[in-house]
Amino acid sequence: SKPLKFESIILEPPRVIKAGDLKQKKGDGDLIFEFGEPFAGASIEFILEDRNGYLWIAANKNLYKYDGENIAIYLHGQIPSVSSMVEDSLGRIWIGSFSNGVFQLDMKSGVVRHLTKIQGLAGDQVVRMISDGQNRIWLTMGVSRVVNIIDQHSNIIKELGPGQGFSVGILAGGILLDNSSNIWITSLTDG
């Protein structure tokens, strides 16, 4: 276990734009809708619906919050290659990056917290995350062959890997919390 030491910054107020009308995409009859700007031509990396029904959209190194009428732009240009997003039990949004660790967006306090390898993660390549309902965030960590567990109650980062008896080959990154609170982790080589 390592102490949890976030790098913290004040969250800048978002730039808010009026969302255009959703347009049904022409095609094979599927109900697919498009926003238009600011997403036209963008690569949408991840979408999360929070407990209040807002959509959080990661694209173009930005984080967008869509409330049904407006789009608020947070963390402009600060989040490269988003791999995963999850909401924790306290309503904070966690954003995993393929190259820059994990960010925690706390809208209530107006603070963004950031963790990387320098602050104690096993690496900077977060593949997937889950929140286990006990205020812990589980991260599969790509090529490092470990799982990090951020325990906010105990203020520590735990590591599951070969040194802790966790036998896993190359992580495929899949992690799932089932209805019985079991956590399932996939591997490319060891099942």
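**Sheets and rings**

Trainee: I'm on strand 8. Which residue there is the bridge partner of alanine 59?
Mentor: Asparagine 62 is the bridge partner of alanine 59. Keep in mind that this is a predicted model.

Trainee: How many bridges do strand 7 and strand 8 share?
Mentor: They pair over 5 bridges, in the antiparallel sense. Strand 7 covers residues 55–59, and strand 8 covers residues 62–66.

Trainee: What holds paired strands together in general?
Mentor: Backbone hydrogen bonds, with the strands either parallel or antiparallel.

Trainee: Back to this model. In what order do the strands of that sheet sit?
Mentor: The order is 3-9-8-7-6. That makes an open sheet of 5 strands with antiparallel pairing.

Trainee: Which strands are at the edges?
Mentor: Strand 3 (15–18) and strand 6 (44–49). Each of them pairs on one side only. On average, neighbouring strands in this sheet are turned by 20° against each other, direction ignored.

Trainee: New topic. How many aromatic pairs are there?
Mentor: The structure holds 2. One is phenylalanine 6 with tryptophan 94. Their centres are 6.1 Å apart, with 50° between the planes, and the pair is tilted.

Trainee: Is tryptophan 94 buried or exposed?
Mentor: Tryptophan 94 is buried, because its relative accessible area is 0% and buried means under 20%. Phenylalanine 6 is partly exposed, at 23%.

Trainee: And which residues make the other pair?
Mentor: Tryptophan 56 and tyrosine 74. This pair is tilted too, at 5.8 Å centre to centre and 35° between the planes. Tryptophan 56 is in strand 7 and tyrosine 74 is in strand 9, 18 residues apart.

Trainee: Are those two buried or exposed?
Mentor: Tryptophan 56 is buried, at 2% relative accessibility. Tyrosine 74 is buried, at 7%.

Trainee: What lies over the face of tyrosine 54?
Mentor: Lysine 65 does, at 4.3 Å from the ring centre.

How values were computed:
Residues numbered from 1 in each chain as written. Predicted model: local features only at pLDDT ≥ 70, side-chain atom pairs only at ≥ 80, totals over all residues. Heavy atoms only, no water. Pairing = 2+ DSSP bridges. Helix = DSSP H or I, 4+ residues; strand = E, 2+ residues; numbered from the N terminus. Axes fitted to C-alpha atoms, helices over the stretch in contact; angles between N-to-C directions. Phe/Tyr/Trp six-rings, centres within 6.5 Å; stacked < 30°, edge-to-face > 60°. Buried < 20%, exposed > 50% of the residue type's maximum accessible area, 1.4 Å probe, protein only. Lys NZ or Arg CZ within 6 Å of the ring centre and 35° of its normal.
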